Amino acid sequence: MTPTMTATDPKLGAADQERTPALVVNGVSHSFGDKKVLDNVSLTVDQGAFVMLLGLNGAGKSTLFSLITRLYDNVSGEISICGFDVRRKSSQALQRLGVVFQSRTLDVDLTLMQNLKYHAALHGYSTREATRRGRLALELVGLSDRGNEKVRALSGGQLRRVEIARSMMHRPDLLLLDEPTVGLDLGSRESVIKIVRELVAKEGLGVLWATHLMDEVLRTDQVVVLHQGVVLYNGGVPQLLTQTGTTSVREAFRALTGTKAPIEEAA
Amino acid sequence: MSASTLSATASATFAETSAAAQRRLGIAGYWACFKGIVWREILRYLHQRERFLSALVRPLIWLFIFAAGFRQTLGVSIIPPYQTYVLYEEYIAPGLLAMILLFNAMQSSLSMVYDRETGTMRTLLVSPFPRSFLLLSKLLGGVSVALLQSYAFLFVAYWWGIEPPPIPNIQLFTFYDAPSWTGGVIGSMADPITNTLFSVPAFIQPYVGYIAVAPAIILAGLMLGALALFISSVIKQLENFAGVMNFVIFPMFFASSALYPLWRIREASPPLYEICRLNPFTYAVELIRFALYGQIDTISLAIVVGFTVVFLAAAVFAYNPSKGLIARRGGPGGSA
């Protein structure tokens with residue numbers, strides 16, 4: 001039975017729905033003109049799974065995110081969130097999706113709470129409910145006391161935490177993060193990663209985390225290696241190391257992609 | 001509380017039943033979403049003082065300098081909606097209001113196109129509401145800002161002595177230069193002799209122009225916003241605001257009834273007169289002009305409504321990232 005059928009069948013109970021993967025990408029290709037950016041990409045993010053999408057700049061990570069968030073329609077293949085096809089059931093799919101984009105998307109002139117309330121409104125929450133969820137979201141990322149400050153006053157790491165808080169306000173089942181730690185100092189990176197990992201553990205949501213920083217991978221993560229639009233590996237870390245005969249994710253990535261150039265290190 | 005500790009209460013209360021989640025996308029949800037988008041535009045605008053000032057200074061320069069200079073050279077004879085000779089300043093005030101709308105529309109639509117790949121538009125477009133609704137709300141948010149700018153302009157103009165006269169009754173009026181059959185059809189709604197829709201109580205009469213102009217501004221602003229979004233989505237060459245000024249704003253503004261009555265243009269150049277009559281901006285100006293005088297210029301109203309619908313449909317189609325013309329034109333610059 002396909003995931004799409006599972007979730008749209010109203011007779012199925014919650015238990016069945018829980019088994020539906022948070023994200024299914026199946027045979028997706030995408031081109032810009034003659035340039036093929038994604039070539040038959042497939043991956044799955046289960047509920048409660050933390051999936052690392054590893055790839056260098058230009059590997060196609062952002063294009064994949066654009067397709068999942070429906071910035072472009074996927075021309076071939078299928079993408080579904082919790083069983084809802086992003087093209088045919090986009091409203092239900094987007095309702096279950098939280099995104100932290102690579103670029104900064106908060107209004108720096110507005111306060112944290114104004115930003116969060118705006119996002120809640122985009123998901124249809126009333127003003128009162130938006131305020132409540134805004135407070136909860138700030139609590140979630142440890143910025144409760146900063147709600148009335150302007151975003152401009154925050155550091156880079158705090159900005160990211162607010163964006164994570166915002167993406168969690170409507171309690172999504174799938175959280176996408178596109179290079180969320182780029183440009184952050186080591187301490188901020190660690191706190192951002194920790195927050196998201198705790199969310200996975202506690203809320204049981206599926207996370208797809210795109211990065212080119214190999215040291216963010218834990219042994220328990222699922223790893224998808226994307227290189228020049230093609231998925232080269234999809235599975236656990238131990239198997240990745242065994243398969244490539246290497247001892248670290250970085251070496252394994254180099255062996256898989258044949259990249260000679262040094263991979264960009266964390267700041 | 002430390003940043004890394006998750007609050008148990010937070011996780012617990014985020015949850016909601018699936019029925020509640022469904023309701024969120026009902027009528028109340030749409031309304032909340034609309035309010036949120038419009039309110040954000042207004043908040044952002046109020047925080048950008050430079051934008052507020054520059055939007056106000058532009059029409060005031062036209063009013064204080066240009067119009068004062070031309071006061072002696074350009075006489076405006078008695079044409080509807082005027083019942084007496086008017087100063088040139090008074091004649092161009094509605095055109096300057098429309099200019100505020102045009103500039104605002106182009107500015108906000110350009111930023112919508114450039115933000116599409118990166119910033120705030122992407123967070124808007126991952127909202128579960130239909131994209132046409134999100135774009136319409138966003139356009140109306142821009143119109144709300146233009147409405148604030150318009151009233152700021154009218155306020156300054158009032159102290160300069162430019163204000164609409166007290167208005168004893170609301171009239172239906174047909175565009176003075178329209179084909180005769182159109183007047184016959186639409187004019188029949190009003191009292192055939194006085195052309196009056198309804199009378200106005202005395203204490204409101206001085207404010208009627210200011211109140212009646214609001215719906216005209218909203219409608220004209222929406223039309224121009226949708227047109228601007230369509231144009232900036234389709235024409236890739238409009239990469240900076242200078243190009244927009246040269247190829248969109250100036251031609252629309254000058255080839256209209258904003259600065260001079262159409263009959264004067266006809267005397268000067270019949271082809272230009274025809275161009276002005278085809279320019280939707282002319283009808284936006286006239287709709288606003290008549291509204292300030294408590295009159296509903298029915299032809300302009302019909303034309304502006306018609307163009308609004310057409311431009312909105314075109315804009316939604318052209319802009320929709322997944323289906324529209326931008327997507328067909330090629331991928332994002334440099335992103336992968």
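Reply: Let's start with Arg70(A), which sits in the loop between helix H3 (61-68) and strand E4 (76-81) of chain A. Helices (H or I, at least four residues) and strands (E, at least two) are DSSP runs, numbered from the N terminus. Before going on: this is a predicted model, where local features need pLDDT of at least 70 and side-chain atom pairs count only at pLDDT 80 or more, while totals for chains, interfaces and linings use all residues. Residues are numbered from 1 along each chain as its sequence is written, and chains are lettered from A and ligands numbered from 1 in the order in which they are written.

Arg70(A) has a phi near 65°, which is positive even though the residue isn't a glycine. Why point that out? Because most residues other than glycine have a negative phi. Arg70(A) also counts as buried, because 20 other C-beta atoms lie within 10 Å. The cut-offs go like this: 20 or more other C-beta atoms within 10 Å means buried, 12 or fewer means exposed, in between is partly exposed, and the C-beta atoms are placed from the backbone.

You'll find Arg171(A) in the loop between H7 and strand E7 (174-178) of chain A. With 19 other C-beta atoms within 10 Å, Arg171(A) is partly exposed.

One more arginine, this time in a helix: Arg250(A) belongs to helix H10 (residues 249-257) of chain A. Arg250(A) has 17 other C-beta atoms within 10 Å, so it is partly exposed.

What does H10(A) pack against? Helix H9 (residues 237-244) of chain A is one answer: the two axes come within 9 Å and cross at roughly 55°. (Axes are lines fitted to C-alpha atoms, for helices over the stretch in contact, and angles run from 0 to 180 degrees between N-to-C directions.) That angle makes H9(A) oblique to H10(A); under 35 degrees counts as roughly parallel, over 145 as roughly antiparallel, 65 to 115 as roughly perpendicular and the rest as oblique. The crossing is left-handed, a label used if the near helix is turned anticlockwise from the far one by less than a right angle, with right-handed for clockwise. On the H9(A) side you have Val237(A), Leu240(A), Leu241(A) and Thr244(A), meeting Val249(A), Ala252(A), Ala255(A) and Leu256(A) of H10(A). (In contact means C-beta atoms, placed from the backbone, within 7 Å.) This contact has seven nonpolar residues, one polar and no charged. Here Ala, Val, Leu, Ile, Met, Phe, Trp, Tyr, Cys and Pro are nonpolar, Asp, Glu, Lys and Arg charged, and the others, Gly among them, polar.

Now look at H5 (residues 112-122) of chain A, where 10 of the 11 residues are buried. Among them are Leu112(A), Lys117(A), Tyr118(A) and His119(A). These buried residues pack against H6 (127-140) and H7 (156-168) of chain A, plus H3 (27-47) and H6 (120-125) of chain B. Just after H5(A), Gly124(A) has a positive phi of about 85°.

Over in chain B, helices H5 (residues 88-114) and H9 (residues 208-234) have axes that come within 8 Å and cross at roughly 40°. That makes H5(B) oblique to H9(B), and the crossing is right-handed. The contact includes Leu97(B), Ala98(B) and Leu102(B) from H5(B), and Ala220(B), Gly221(B) and Leu224(B) from H9(B). In this contact, 14 residues are nonpolar, six polar and none charged.

Ala98(B), Leu102(B) and Ala220(B) turn up again in the largest nonpolar core, of 163 residues, among the members that touch the most others. Such a core is a set of buried Ala, Val, Leu, Ile, Met, Phe, Trp, Tyr and Cys residues joined through C-beta atoms within 7 Å.

Finally, the overall counts. Chain A has 10 helices and 10 strands, and 51% of its 267 residues are buried. Chain B has 15 helices and three strands, with 41% of its 336 residues buried.

Conventions:
Contact = placed C-beta atoms within 7 Å.
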